[in-house]
Amino acid sequence: AGSTEEFVTVADNDELSSKVVGLDIYNTLNQDIGQIKDIAMNPRGRAQAYIVSVGGFLGLGEHYVAVNPNAVKVTYNDSDKKWHAAMNASADQLKAAPEFKYTGRWNASRQ
């Protein structure tokens with residue numbers, strides 16, 4: 001028999017990673033500034049960063065940056081039945097951010 005700490009109730013306003021990964025991020029000018037490609041979690045499973053792809057076209061010239069999850073607002077819109085991500089930044093700001101690289105153990109599990 002499992003303890004009560006092994007099972008939890010998921011709140012209606014929690015996000016599922018499967019709905020967050022792949023979302024395009026739009027800024028306040030409704031410009032597409034990047035896409036959430038991955039989620040970095042600490043050993044306790046708490047999201048520490050959204051790994052966002054920026055720049056490039058069809059995968060060429062893109063690079064990744066680690067963005068604080070608190071800087072990205074992820075919402076579900078009942079009227080269009082879609083998930084949305086918004087961030088108060090420009091594409092240039094994301095392109096100028098420090099690059100995140102899939103190296104070491106992160107590269108080993110990358111699809």
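Trainee: In the hairpin of E5 and E6, which residue takes a positive phi?

Mentor: This is a predicted model, so keep that in mind as we read. Four residues lie between the two strands of this hairpin. The residue with a positive phi, near 55°, is Lys81.

Trainee: How many bridges join E5 to E6?

Mentor: E5 covers residues 72–77, and E6 covers residues 82–87. The two strands run antiparallel. Val72 stands opposite Met87, and Lys73 stands opposite Ala86. The number of bridges that join E5 to E6 is six.

Trainee: What is the bridge partner of Tyr76 in E6?

Mentor: Stay with the E5 and E6 pair, which runs antiparallel. Look in E6 for the residue bridged to Tyr76. That partner is Trp83.

Trainee: Which residue in E6 stands opposite Tyr26?

Mentor: Move to E1, residues 24–26. E1 and E6 pair in the parallel sense, over two bridges. Lys73 also stands opposite the residue you want. The residue opposite Tyr26 is Ala86.

Trainee: Is Asn27 buried or exposed?

Mentor: Asn27 lies in the loop between E1 and E2. Its relative accessible area is 9%. The cut-off for buried is under 20%. Because 9% falls under that cut-off, Asn27 is buried.

Trainee: What is the distance from the backbone oxygen of Ala89 to a polar atom of the side chain of Asn27?

Mentor: Set aside neighbours within four places in sequence. Asn27 is then in contact with Ile33, Met87, Ala89 and Ser90. From the Ala89 backbone oxygen to a polar atom of the Asn27 side chain, the distance is 3.2 Å.

Notes. Residues are numbered from 1 along each chain as its sequence is written. This is a predicted model: local features need pLDDT of at least 70, side-chain atom pairs count only at pLDDT 80 or more; totals for chains, interfaces and linings use all residues. Side-chain values use heavy atoms; hydrogens and water are left out. Two strands pair if DSSP finds at least two bridges between them. Buried means under 20% relative accessible area, exposed over 50%, partly exposed in between (1.4 Å probe, protein chains only). A polar contact is a pair of N or O atoms within 3.5 Å; within protein, one must be able to donate a hydrogen and the other to accept it, and residues adjacent in sequence count only if both atoms are side-chain atoms. Contact means heavy atoms within 4.5 Å.
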